[in-house]
Amino acid sequence: MTKIIRVSQIAVPLRHDMEQVFQKACRTAGIRDRDVCRYRIAKQSVDARHKEDLKYIYSIDLTIGDHTSFKRKDGRVQEITPVAYHPKAGGNLPMAAPVAVIGSGPAGLFCAYLLAKYGYRPIVFERGKRVDERQADVERFWNGGALLPESNVQFGEGGAGTFSDGKLNTLVKDKYGRNRFVLETFVSCGAPEDILYVNRPHIGTDILRAVVSNMRNEILRMGGLFYFSSKITDLMIMNHRLCALEINQEERIPVSAAVLAIGHSARDTFEMLRKRGVAMESKPFAIGMRVEHPQDEIDRSQYGAEADLSLLPTASYKLTHRASNGRSVYSFCMCPGGYVVNASSEPERLAVNGMSYHARDSRNANSAIIVSVTPEDFPDPADPLSGVAFQRKLEEKAWRAGGGKIPQQRFGDFESGIFQTDLNFATNGSSSENGNFSENDAVDQIKIRTAFSTCTKGPAAAANLRDIFPNDISEAFIEGMHAFSRKIPGFDREDAILSAVESRTSSPVRIVRGEDFQSNVRGLYPCGEGAGYAGGIMSAAMDGLKAAEAIMNT
C-alpha cells in the first residue's frame with residue numbers, strides 16, 4: 001500500500017534540474033529519497049515578487065510506502081487523495097435514436113468524447129470544415145482571400161479557440177476531477193505534458209490543431225460519427241420535446257437528445273432557436289480592442305531588466321480597473337508573443353481576436369482591453385438577441401473604418417482624436433500631429449519602428465477608431481489604459497497599437513437550462529460558451545462533460 005504526500009513551496013533558482021527539486025522536496029518532507037516510489041510535478045510557477053531574486057516554485061507529489069513517516073506538522077507537507085474523474089452512467093431510458101452533439105468546439109468535443117467513451121456512439125454535426133481544411137481557408141482569408149461564412153476563425157472543427165493562444169486557465173472549482181480529466185485527455189491527444197502542472201498553461205494554436213484532430217480520431221475509434229459542413233437549420237419538436245434535427249435545410253435526422261454546443265458566434269442558429277420557442281435571454285459581455293506592446297517591454301516589467309529570459313516563460317499579465325463611469329475595464333485573452341487576427345465570420349462585419357503559437361515568439365504581446373456592457377446598452381434590452389444587434393453594429397463600423405481590413409490606430413492618437421493615415425509612423429511616441437518627423441527624430445524613429453511593428457494576421461489599415469465606439473466606452477478604455485500603466489510602466493505609451501473591434505469576448509445570449517441541463521424543449525441540452533455557461537477552453541470543455549453526464553443519467 002502507498003500514500004501520496006504533496007510538498008509545496010519548494011523554491012529553487014531559475015537554473016536548476018529536477019533532481020534538485022526532488023531532493024529538496026524529500027528534505028522538506030523528512031523522507032529519504034530511497035523511500036520514494038515515484039514522484040511527479042503537481043505545480044510549477046515563477047515567483048517574480050523580487051526582481052533581483054527570481055525563483056521557480058514547485059509543488060511535488062511523492063508516492064511513499066503506507067508506513068513511511070513524514071513531517072506532518074509542516075504546513076508545506078500534507079497527505080493528499082487525488083481526485084479521479086469517474087462519472088456515473090445511471091440512466092435507464094432506452095435510446096430510440098442517436099444522441100447528437102451540435103458543434104465541435106471544446107464543449108462539443110469533450111461531450112462527444114465522454115459519450116463515446118461510455119458507448120453512446122454520438123453523432124457530431126459541425127457547420128464548418130475539418131480542422132486541416134479550415135486552417136487552409138483561414139490562411140487564404142488572412143492573405144487577402146474571400147471570407148467563407150462557414151469556414152473561418154469562428155466556425156469549424158475545434159471552435160473559435162483553435163485560432164487563439166490555447167489557454168487552459170479556469171476559475172471553475174473542480175472537486176470532481178473534470179479539470180484534470182480534460183488536461184490529461186489533451187496530453188493523450190498530443191498536447192505537451194507540462195500543461196498538467198505549469199501555472200497558466202497553454203497549448204498554442206499550432207499544437208492545438210493537431211490535438212483537435214487526434215480527439216476526433218479517438219471519438220471515431222470509440223464509435224462516434226462526425227458530419228462536417230452540416231449546419232443545424234431547424235428543430236423538429238413534438239409535445240415540447242426534440243425529436244429530429246434538420247441539416248442544411250435538406251435532411252432530417254431523428255435524435256433522442258441533442259447537445260447544443262454552438263459557440264458564441266452562431267447568430268443565425270440563435271435566431272432559429274428563438275423562432276422555435278427555445279427560452280433565451282440577453283446577458284452582459286464586454287467590448288474593446290486588441291492592444292499591442294513590445295513583448296520585451298512586458299518581460300522587463302514582469303521579470304526585471306536583468307532577468308535571463310532564456311530561463312523564463314514569456315511574460316503575461318492580467319489587469320482590471322473600475323472606471324469612474326462605473327464600467328469595468330480589464331485585459332482579456334492575453335497573448336504573449338502573439339498575433340492580432342481577423343476573426344470575422346459575417347460579410348462586411350469585422351471582428352478581431354488574439355492568437356499565439358506554442359513558442360510565443362513573435363515580437364509583440366497583445367491583449368484585448370475590454371469594457372463591460374449590459375443589456376441596458378443594447379437597442380432593445382427586452383429582446384434576447386439585442387446583444388447580437390449591438391455586436392453587429394460595432395463590427396459594421398469597424399469594417400467600414402478599415403475598408404474591410406483590420407482598422408488600427410496608435411493609442412496616443414485615439415486618446416487625442418488625431419487620425420493618422422500612415423501606420424509606418426504610428427510606432428513613435430514623439431511624432432508631431434501630422435505624423436511627420438524632424439531629422440533629429442530619424443534615428444529613434446527607425447529604432448522604435450524596427451522593434452515594434454504590428455503583428456497581425458490579415459491586412460490592416462489606419463483608421464479613426466473613436467468613430468466605432470460610444471463615447472463612454474472610449475473614455476472608460478482610455479482611463480483603463482492609464483490605470484494599467486501604473487502597474488506596468490509604459491502600458492499607455494502613445495505608440496501602443498490598437499486594433500478593432502474585439503466584440504466576441506463571450507456570448508451575448510444565455511440559452512436557459514434547468515438543473516437537469518435541459519432547455520424548455522426537452523431533450524435539448526445547451527452547453528458551453530455559446531449557450532452562456534462558460535468562458536474559455538477549459539470551462540467550456542468541463543461544461544461539455546457535465547452535459548454528457550446529464551444525458552447519461554436521464
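The elements that cover the buried residues of helix H6 include strand E8, strand E11 (257–260), strand E12, helix H8 (386–401) and strand E23 (509–511). Cover is judged here by contact, defined as heavy atoms within 4.5 Å, and buried denotes under 20% relative accessible area, exposed over 50% and partly exposed the range in between (1.4 Å probe, protein chains only). Helices (H or I, at least four residues) and strands (E, at least two) are DSSP runs numbered from the N terminus. The model is a predicted one, in which local features need pLDDT of at least 70 and side-chain atom pairs count only at pLDDT 80 or more, whereas totals for chains, interfaces and linings use all residues. Residues are numbered from 1 along each chain as its sequence is written, and side-chain values use heavy atoms, with hydrogens and water left out.

Within H6, the buried residues are Arg267, Thr269, Phe270, Met272 and Leu273. Just after this helix, Gly277 adopts a positive phi of about 80°.

A salt bridge, taken as a side-chain nitrogen of Lys or Arg within 4 Å of a carboxyl oxygen of Asp or Glu, links Asp234 to Arg276, with the closest N and O atoms 2.7 Å apart. Asp234 belongs to strand E8 (residues 232–238) and Arg276 to the loop between helix H6 (267–275) and strand E12 (280–282), so the pair ties together parts that are 42 residues apart in sequence. Asp234 is buried at a relative accessible area of 13%, while Arg276 is partly exposed at 40%. Through shared partners, salt bridges also join Arg267, Glu271, Glu346, Arg349, Arg392, Glu395, Glu396 and Arg504 into one network.

In total, the structure holds 41 salt bridges. One of these pairs Asp308 with Arg15, the closest N and O atoms being separated by 3.5 Å. Because Asp308 is located in the loop between helix H7 (295–303) and strand E14 (320–322), and Arg15 in the loop between strand E1 (2–13) and helix H1 (18–29), this pair ties together parts that are 293 residues apart in sequence. The relative accessibility of Asp308 is 31%, and the residue counts as partly exposed; Arg15, at 61%, counts as exposed. A further salt bridge is formed by Lys55 and Asp53, whose closest N and O atoms lie 3.5 Å apart. Both of its members are partly exposed, Lys55 with a relative accessible area of 27% and Asp53 with one of 40%.

Strand E14 continues into a set of antiparallel pairings, where two strands are considered paired if DSSP finds at least two bridges between them. E14 and strand E15 (residues 328–335) run antiparallel and are joined by three bridges; His321 has Val329 in E15 as its bridge partner. The two strands form a hairpin with five residues between them, and Gly326 in the turn has a positive phi of about 95°. E15 is in turn paired with strand E18 (residues 364–373) in the antiparallel sense, over five bridges, with Ile369 of E18 as the bridge partner of Ser331.

A separate description applies to the open sheet of three strands, whose order is E17-E16-E20 and whose pairing is mixed. E16 and E20 are paired in the parallel sense over two bridges, and Thr456 in E20 is the bridge partner of Val340. Strand E16 (residues 339–342) contains Asn342, which is buried with a relative accessible area of 4%. Neighbours within four places in sequence aside, Asn342 contacts Phe141, Trp142, Val153, Leu350, Ala351, Gly404, Ile406 and Lys457.

Helix packing was examined for helix H2 (residues 106–117) and helix H5 (residues 205–221), which pack at an angle of about 30° with their axes 9 Å apart. H2 is thus roughly parallel to H5, a term applied to angles under 35 degrees, with those over 145 counted as roughly antiparallel, 65 to 115 as roughly perpendicular and the rest as oblique. Axes are lines fitted to C-alpha atoms, for helices over the stretch in contact, and angles run from 0 to 180 degrees between N-to-C directions. The crossing of the two helices is left-handed, that is, the near helix is turned anticlockwise from the far one by less than a right angle. At the contact, Leu109, Phe110, Ala112, Tyr113 and Ala116 of H2 meet Val212, Met215, Glu218 and Ile219 of H5.
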